[in-house]
Structures are given as C-alpha cells and as structure tokens.
Amino acid sequence: MSCIFCKIVSGDIPSKKVYEDEKVYAFRDINPQAPIHILVIPKEHRMDSVFNVDESNSELVAACFEAIAKIAKKEGLENGFRVITNSGADGGQTVNHLHFHLLAGKKLGEKMV
Ligand code: AMP
Ligand code: ZN
C-alpha cells in the first residue's frame, strides 16, 4: 500500500483529525492554502478521483458531502467556504485518492468559475 491518504486513514502517517465516521475521514492539510484547509476523504480507496466515480461508489461522495456540511457547522463556517476537488494531471491532482479540499476562514480569492 503506497497511497499516503490510505496510510493516514490507517494511522501509519500522523494527521490532525477533524472528523471521522464509518465512511469518511477529515484532517488538516499539511500545506494550508487558507486559514482553514481541511481534506475530506472516503476511508476506502475505491476511486482515485472524480474521474472514477460511478453508481457503484458514489455513496462515498455523498458521505463526504454530508461530512463537509457537518464540519462546516462544527468549524463555524456560517460566512461561507469553498469545496474543491482536483482530478488528474491537468487538474493539479497530486494525491491519487479521492479528496475534497474545504477552504475557509477568510474572503477567498478570485473565483475560477
Ligand atoms: P491535490 O493536490 O488536490 O491532490 O491535494 C493533495 C493535498 O494533500 C495537498 O493540498 C497537500 O498539501 C496535502 N497533503 C499531502 N500530504 C499530506 C499529509 N501528510 N498530511 C496532510 N495533508 C497532506
Ligand atoms: Zn488511498
């Protein structure tokens, strides 16, 4: 097993846990791009990115977004936040285990979309 996010889920690599349930693990990004930068991942590595999402595994995407809503409330993000997922080389993905960046804590920069 070489995936660093799988190693974070198993505890082989330490992380600053923010949230955990049966399907989802969330932790602070090691190189934060905003005052609050949390990574939300499915515990099971069933897809590398959104590119691999299909009807057999999309329940994990739903679980991640349910977790994001809970974390947003727990972290007091009533003023707003942004969720980003990078997919593949052109998308800037560096870790090939599906993950969602939750960014908040300031007025975020110019939108791309
Ligand atoms: P991406 O570039 O979209 O694939 O996002 C990968 C993210 O994982 C980057 O924001 C990294 O800073 C973050 N990251 C890499 N290794 C670790 C780690 N050991 N603990 C926490 N975050 C990490
Ligand atoms: Zn993994």
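**Entry 1: the shell.** I began by asking which element gives the largest share of the shell around ligand 1. The answer is H1, with three residues. I am working from a predicted model, so I keep that in mind throughout. In total I find 16 residues surrounding ligand 1. Asp-29, Asn-86, Thr-94, Val-95 and His-101 are the closest.

**Entry 2: polar side chains at the ligand.** For Asp-29, a polar side-chain atom lies 2.5 Å from a ligand oxygen. For His-101, the corresponding distance is 2.8 Å. For His-99, an N or O atom of the side chain is 3.0 Å from an oxygen atom of ligand 1.

**Entry 3: cover and pocket.** How much of ligand 1 does the protein cover? I read 83% of the 500 Å² of accessible area that the ligand has on its own. I then checked the pockets, and the space taken by ligand 1 is the largest pocket. Two elements give two or more residues to the shell: helix H1, residues 4-10, and strand S2, residues 24-28.

**Entry 4: aromatic pairs.** I searched the whole structure and came away with three aromatic pairs. I wrote one of them up, Phe-65 with Phe-100: the ring centres are 5.0 Å apart and the planes stand at 65°, so I log the pair as edge-to-face. Edge-to-face needs an angle over 60 degrees. Phe-65 belongs to helix H2 (residues 58-74) and Phe-100 to strand S5 (residues 100-104), so the pair ties together parts that are 35 residues apart in sequence.

Note on methods:
Residues are numbered from 1 along each chain as its sequence is written. Chains are lettered from A and ligands numbered from 1 in the order in which they are written. This is a predicted model: local features need pLDDT of at least 70, side-chain atom pairs count only at pLDDT 80 or more; totals for chains, interfaces and linings use all residues. Side-chain values use heavy atoms; hydrogens and water are left out. A residue is near a molecule or strand if one of its heavy atoms lies within 4 Å of it. A polar contact is a pair of N or O atoms within 3.5 Å; within protein, one must be able to donate a hydrogen and the other to accept it, and residues adjacent in sequence count only if both atoms are side-chain atoms. Accessible areas come from the Shrake-Rupley method with a 1.4 Å probe; for residues, only the protein chains shown count as cover. On a 1 Å grid over the protein atoms alone, a cavity is a set of points where a 1.4 Å probe fits but cannot get out, and a pocket is an open set with protein on both sides within 12 Å along at least five of seven lines; lining residues have an atom within 4 Å of a point. A molecule sits in a cavity or pocket if more than half of its atoms lie within 2 Å of its grid points. Helices (H or I, at least four residues) and strands (E, at least two) are DSSP runs, numbered from the N terminus. Rings of Phe, Tyr and Trp (its six-membered ring) pair if their centres lie within 6.5 Å; planes under 30 degrees apart count as stacked, over 60 as edge-to-face and the rest as tilted.
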